[in-house]
Amino acid sequence: MNNTFPDQAISDLIKAEALRQREGLELIPSENYVSSAVMAAQGSVFTNKYSEGYPSFTGLTTYDDSRLAEEILPDKRYYGGQFNTDRIERLAIARACRLFGADHANVQPHSGAQANMAVYHAWCEPGDTILGMDLGHGGHLTHGSPVTQAARIYNFVRYGQKDITTGEIDYDELEKIALEKKPKIVLVGYSAYSRIPDFARMAAIGKKVGALLMADMAHVAGLIVGGVHPNPFDFGFHVITTTTHKTLRGPRGGLILSRGVVSNPLKKTAKTLANIPTLIDRSVFPGTQGGPLMHVIAAKAVAFSEALRPEFKTYAKQVVANTQQLAQEMQKLGFVLIAGGTDNHLILVDVMSSFGVDGALAEEAIDAIGLTLNKNAIPNDPLPPFKPSGIRLGTPAATTRGLKEKDMKPIALWLKAAIEARDNQKELRRLQKQVKEFCHQLPLFSWD
């Protein structure tokens, strides 16, 4: 590495992080391991290119990869030299549309948060109401947390879980709020919710009040693509936002998918549901971002191609199977799970009720043995955010490394043992050695 990477300090830290990832096991449900092909694309010469604007969008979903990669079409860029960037972006768009059954995709958002802000900006005026899931009940910061920029611009109202032992959302209360507040957007999405929402019920409520139906599927996008989680488009949703990492297993970045009419993104367009794709394009650029990160878009295109392979469905199915098996093994050991289990890729645990320890202490002890997860608030948590009652974990990254159901029992045993040994450094080192020996048998990416 030193011949091509002369910054010794950074080179050493990259090596150290590679070793940490190889010798430990990633259980944070929002993280994953990318393939060498994704990493190569992200580290390519496309990092040098400024590409403000858009390539041509004419008939994108009808083109195959070979035509998209060869054909030069008129673009709407502000810089020259876009022959290759246009083709890269069109490939990424077309592949994303095929993955999710969308009419259009905007692949330029730098993150999931940027994707959400772009949709709000496209459809709402300052002060308009957006109905989303409460952060404390499994929602995301960008769904209206008071500390965010979005909450200063828009009026967020929130719904939550009716019963945290089952994870059931209070749909009656949600409908009552919607009828009273008349939100411009009804938002379904979550970052710490382990069940599958009733998309049909949510869609019916949104349509009753004339709202834009928006699904933030950042956590479960890969499960949707893999056919093991419902696709909101099948229930009449207008927009899906997502990150491109997590279960989708691509580079860190954002993506917006939509149904509607695709037209010139720089042409003034009426604010109608049919025009959502164009409104979103104008909201991303120039509304909320400048130049796109073309090296990241190249890596997104590679990841979308990988997700179109038949083996990705096998991967997604295995993620759910592993997570459900891990949940069962943890319950046998006395872990109290919020919602009583999981339907997707993540598990939320009340470790305070389970073992009388807060999530921060549990995270620290578990991290010490080479298993990485995160502290997390639980619904109606009496403890503060930095010392919450819960931890959040899942198996997307562990599944990428090739783990199966049989491997979940030792992981559950290590989790409990680490918590119980949190004040015993000798025992923690012994457990770390076991984890390291286990992980050395695994590739970082099962396809490499």
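F312 is buried, and so is Y315; buried here means under 20% relative accessible area, with exposed over 50% and partly exposed in between, using a 1.4 Å probe and protein chains only. Before I go on, a note on the source: this is a predicted model, where local features need pLDDT of at least 70 and side-chain atom pairs count only at pLDDT 80 or more, while totals for chains, interfaces and linings use all residues. Residues are numbered from 1 along each chain as its sequence is written, and side-chain values use heavy atoms, with hydrogens and water left out.

Back to the two rings. F312 and Y315 both sit in helix 12, residues 310-332, three residues apart, about one turn of the helix. Helices (H or I, at least four residues) and strands (E, at least two) are DSSP runs numbered from the N terminus. A pair of aromatic rings is described by the distance of the centres and the angle of the planes. Rings of Phe, Tyr and Trp, the last by its six-membered ring, pair if their centres lie within 6.5 Å; planes under 30 degrees apart count as stacked, over 60 as edge-to-face and the rest as tilted. The structure holds ten aromatic pairs. One of them is F312 with Y315, a tilted pair at 5.4 Å centre to centre, with 55° between the planes. What lies over the face of Y315? R249 does, at 3.8 Å from the ring centre; the criterion is NZ of Lys or CZ of Arg within 6 Å of the ring centre and within 35 degrees of the ring normal.

Elsewhere, Y120, Y154 and F156 form one aromatic cluster. Y120 is also among the buried residues of helix 5, together with G112, A115, N116, M117, A118, V119, A122 and W123. Nine of the twelve residues of helix 5 are buried, so helix 5 is largely enclosed by the rest of the structure. On length, the twelve residues of helix 5 (residues 112-123) should span 16 Å at 1.5 Å a residue, and the end C-alpha atoms are 17 Å apart, which agrees; the expected span is 1.5 Å times one less than the number of residues. At the N-terminal end, S111 caps helix 5, with a side-chain oxygen 3.4 Å from the backbone nitrogen of A113.

Seven strands form an open sheet in the order 4-12-11-10-9-5-6, with mixed pairing. Strand 4 (104-106) and strand 6 (155-159) are the edge strands, each pairing on one side only; two strands pair if DSSP finds at least two bridges between them.

Let me walk in from strand 6. Strand 5, residues 129-133, pairs with strand 6 in the parallel sense over five bridges, and G132 has R158 as its bridge partner in strand 6. Strand 5 also pairs with strand 9 in the parallel sense, over two bridges, where the partner of L131 is V186. Strand 9 and strand 10 (residues 212-216) are parallel too, over five bridges, and V186 has L213 as its bridge partner in strand 10.

How many residues of strand 9 (residues 185-189) are buried? Five of its five are. In a regular strand the side chains alternate between the two faces of the sheet. In strand 9, both faces are covered, with I185, L187 and G189 on one side and V186 and V188 on the other.

Last, H143. This residue is found in the loop between strand 5 and helix 6 (149-153). Is H143 buried or exposed? At 1% relative accessibility, H143 counts as buried. Its C-alpha atom is separated by 6.8 Å from that of M133, ten residues apart along the chain.

Terms used
Polar contact = N/O pair within 3.5 Å; in protein donor to acceptor, adjacent residues only side chain to side chain.
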